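Student: Could you take me through the aromatic ring pairs in this model, and then through the helix packing around them? I would like the cut-offs along the way, please.

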Amino acid sequence: RFALGTGGVWLLARGTARGRLGIRPADLGPRVGLGLIGVTLQQVLQTAGILRGSASAAAWLSSLAPAFIVLLAWPLLGERLNRMRAAGILVAFLGAGLVSRSPASPSQPGDALAVWLVIASAVVWAVYSILGKGLSARRPPIVTTAWGMTFGWLALVAAFVVQRGWADLGAVSSSGWITVTLLG
């Protein structure tokens, strides 16, 4: 899915950032770091949380990422945290807390680690978003995203190779491949 997504983002970048797709040697390290944080680490945390809990509970908890972005942009970027934003953050956290602790929630009961892994993935996504904003000052944001996705995807490819992931590809159903394609 990240191969498809990365390719799609590069196509968009090529169409919108004409001639500004390159990367300077000084920008290489930050772009690699961005990809490792925003793609590799975020996906590892979220997937681990989903495997221990449930996808629906993870979806609710990962939706906290925008609240974490606002919360972290205050000290890291000096963005203002007014009453309306603070109220929005509070409502987001209360809502996610209620849904994830609800008896009707399909998450596995008592697995606090699953909850914390998914929350950590939302925090990591917020950090990625904030870092990406700073790195997009000299290049179009789509180019920063394309490079970050490329480096994050390459790290996932390395893990796939080390774990011999191709051995599991035969077990993926046709609907599974359709889902992967749509997610990509």
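Tutor: Happy to. A search of the whole structure finds 5 aromatic pairs. Rings of Phe, Tyr and Trp (its six-membered ring) pair if their centres lie within 6.5 Å, and planes under 30 degrees apart count as stacked, over 60 as edge-to-face and the rest as tilted. Please keep in mind that this is a predicted model: local features need pLDDT of at least 70, side-chain atom pairs count only at pLDDT 80 or more, and totals for chains, interfaces and linings use all residues. Residues are numbered from 1 along each chain as its sequence is written, and side-chain values use heavy atoms, with hydrogens and water left out.

Let us begin with Phe68 and Phe93. Their ring centres are 5.0 Å apart and their planes stand at 80°, so this pair is edge-to-face. Phe68 belongs to helix 4 (residues 65-77) and Phe93 to helix 5 (residues 83-101), so the pair ties together parts that are 25 residues apart in sequence. Helices (H or I, at least four residues) and strands (E, at least two) are DSSP runs, numbered from the N terminus. Phe68 counts as buried because its relative accessibility is 10%, whereas Phe93, with a relative accessible area of 30%, is partly exposed. Buried here means under 20% relative accessible area, exposed over 50%, and partly exposed in between (1.4 Å probe, protein chains only).

Next come Trp125 and Tyr128. Their ring centres lie 4.7 Å apart with the planes at 40°, so the pair is tilted. Both residues sit in helix 6 (residues 112-135), 3 residues apart, which is about one turn of the helix. Trp125 is partly exposed at 34% relative accessibility, while Tyr128 is buried at 10%.

Ring pairs also link Trp10, Trp147 and Phe151 into a cluster.

Two packed helices are described by the angle between their axes and the distance between the axes. The axes of helix 2 (residues 25-52) and helix 7 (residues 141-162) come within 7 Å and cross at roughly 65°. Axes are lines fitted to C-alpha atoms, for helices over the stretch in contact, and angles run from 0 to 180 degrees between N-to-C directions. Helix 2 and helix 7 are therefore roughly perpendicular to each other. For such labels, angles under 35 degrees count as roughly parallel, over 145 as roughly antiparallel, 65 to 115 as roughly perpendicular and the rest as oblique. The crossing of helix 2 and helix 7 is right-handed; a crossing is left-handed if the near helix is turned anticlockwise from the far one by less than a right angle, and right-handed if clockwise.

Contact means heavy atoms within 4.5 Å. By class, the contact of helix 2 with helix 7 has 11 nonpolar, 5 polar and 1 charged residues. Ala, Val, Leu, Ile, Met, Phe, Trp, Tyr, Cys and Pro count as nonpolar, Asp, Glu, Lys and Arg as charged, and the others, Gly among them, as polar.

Helix 2 also packs with helix 6, the helix that holds Trp125 and Tyr128. The axes of helix 2 and helix 6 come within 8 Å and cross at roughly 160°. That makes helix 2 roughly antiparallel to helix 6, and helix 2 passes helix 6 in a left-handed crossing. The residues of this contact divide into 17 nonpolar, 6 polar and 2 charged.

Beyond helix 7, the loop between helix 7 and helix 8 holds Arg164. Phi of Arg164 is near 55°, a positive value in a residue other than glycine. Most residues other than glycine have a negative phi. Arg164 is exposed, with a relative accessible area of 56%.

Finally, here is the setting for these details. The chain has 8 helices and 0 strands, and its C-alpha trace spans about 55 × 50 × 25 Å along its principal axes. Buried residues make up 33% of the 184 residues in the chain. Among contacts between residues at least 6 apart in sequence, 86% join residues at least 24 apart.
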